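Please examine the structure shown below while reading this explanation.

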Amino acid sequence: MKLSNIYNIKLVGILILSILLSSCSSSKMAEDEQESLSQEKLFMQTNFKEEYLKEWKNGDKFVCVTNELPALLYPKNGVKDNYSNLQGAVFEYKGLEEIQTWKGYETNILFEMGNSHFIYKVSKPITDIFSSNFTPLLPEFVSYNYISKADSLLKERVVYIKTYNWYTTDGVEEKGRRLIPVTIQKVVAGNKIYPLSLIFKTDEGKEYMVYTTMYMSQYSAFDKLFSFTNPRDKYPQIKDSIWEQITQAKVTLGMTKDECSISLGLPNEVSQIPEYSGLRERWIYRTGTYLEFKDGLLVEFRVM
């Protein structure tokens, strides 16, 4: 066998081995990434993904979360002033209609609400829509399937809330508690910013709600607001009396820096204050709150 042929065979073998190793490495990375996801992120990633227009089915329903008609949605009769108090109204997707203009082909996305017909204009042909990940800009519409799936997966489930920003069921903002168990009662349409509203009940039997999304790209996504596991289990060293303060975003003299950061979050600024007996550490928050520590324990504070 010629030397060049032997060299070629070896080269092919090396290339095949490299591909196999790369494939194994990519698979291992994907597995590691999957394992590193929190239970909440995995729940979101597994059960929810944004549906592009090409995936919509004729008859899909959308709930309007504003009183006004969406800015980019037009009645087929051209009269837009006749529509108000639309919050909660259900619009049904009725397919696509391609039309030819002097600019070329455009597409109308068709919707119905009762006996009324609406269009959303897209300046591209249907082929371009189906070859892309295009979705119409309709933050006022929340998919009924999206709401229904979240409701079926979370209803009656006990979770641990991680935010103080609660709302009454009338929509009035109220400071709540965090890191406590609550039971989700139902999931309904949210607002233009956060498409879902999770209504939950506390141990005292009172109902509140928070706005959220099941898509990880947004700040107040489900995993930022709720935990499937009890956060208390991570801190067995914290006394029950201190934990009670933490759930109310309060601090008390003698708390450690760790306990204060769990209660109020990390500070925006940290400084050292010299004094005769040593150094104090001052934590400053944007809200005007400040905490002062000596030997790692809270000795002075002001909470705004």
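Patches are made of residues with over 30% relative accessible area and no salt bridge, where like charges are joined within 9 Å and nonpolar side chains (Val, Leu, Ile, Met, Phe, Trp, Tyr) within 5 Å. Accessible areas come from the Shrake-Rupley method with a 1.4 Å probe, and for residues only the protein chains shown count as cover. A salt bridge, in turn, is a side-chain nitrogen of Lys or Arg within 4 Å of a carboxyl oxygen of Asp or Glu. With these terms in hand, one nonpolar surface patch can be described: Leu72, Tyr74 and Leu137 make a patch of about 290 Å².

The model is predicted: local features need pLDDT of at least 70, side-chain atom pairs count only at pLDDT 80 or more, and totals for chains, interfaces and linings use all residues. Residues are numbered from 1 along each chain as its sequence is written, and side-chain values use heavy atoms, with hydrogens and water left out.

The protein chain contains seven helices and 17 strands. Helices (H or I, at least four residues) and strands (E, at least two) are DSSP runs, numbered from the N terminus. Of the 304 residues in the protein chain, 38% are buried. Here buried means under 20% relative accessible area, exposed means over 50%, and partly exposed lies in between (1.4 Å probe, protein chains only). The protein chain exposes about 18,400 Å², of which carbon and sulfur atoms supply 52%. Leucine 72, a member of the patch, lies in the loop between strand S1 (61-64) and strand S2 (74-75). Leucine 72 counts as partly exposed because its relative accessible area is 37%.

What lies in the interior? In soluble globular proteins, nonpolar side chains tend to be buried together. A nonpolar core is a set of buried Ala, Val, Leu, Ile, Met, Phe, Trp, Tyr and Cys residues joined through side-chain atoms within 4.5 Å. The largest nonpolar core here has 29 residues, and those with the most contacts inside it are Leu154, Leu198, Met214, Phe222 and Phe226. At least two residues of this core come from each of helix H2 (39-47), helix H4 (144-154), strand S7 (158-161), strand S10 (180-189), strand S11 (196-201), strand S12 (207-212) and helix H5 (222-225). A second, separate core of 21 residues includes Phe91, Phe118, Tyr120 and Phe134.

Contact means heavy atoms within 4.5 Å. Not counting residues up to four places away in sequence, phenylalanine 222 touches Glu40, Phe43, Met44, Leu154, Leu198, Thr212, Thr213, Met214 and Phe228. Leu198 is also among the contacts of lysine 186, together with Asp151, Ser197 and Ile199, leaving aside neighbours within four places in sequence. Lysine 186 is found in strand S10 and counts as partly exposed because its relative accessibility is 41%.

Cysteine 64 is buried, since its relative accessible area is 1%, and cysteine 260 counts as buried at 0%. A disulfide is a pair of cysteine sulfur atoms within 2.5 Å, and the structure holds zero disulfides.

Cysteine 260 is one of the buried residues of H7, which are Glu259, Cys260, Ser261, Ile262 and Ser263. Their cover includes helix H6 (240-247), S15, S16 and strand S17 (297-302). After H7 comes glycine 265, whose phi is positive, near 90 degrees.

How many salt bridges are there? The count comes to 13. In one of them, the side chains of glutamate 281 and lysine 257 meet at 3.4 Å, N to O. This pair links distant parts of the chain, with glutamate 281 in strand S15 (residues 278-284) and lysine 257 in helix H7 (residues 257-264), 24 residues apart. Glutamate 281 counts as buried at 16% relative accessibility, whereas lysine 257 is partly exposed at 30%.

Glutamate 292 takes part in two salt bridges, one with arginine 280 (2.8 Å, N to O) and one with arginine 282, where the closest N and O atoms are 2.3 Å apart. Glutamate 292 lies in strand S16 and arginine 282 in strand S15, ten residues apart. Glutamate 292 is buried because its relative accessibility is 4%, while arginine 282 is partly exposed at 27%. Salt bridges that share partners join Glu275, Arg280, Arg282, Glu292, Lys294 and Glu300 into one network.
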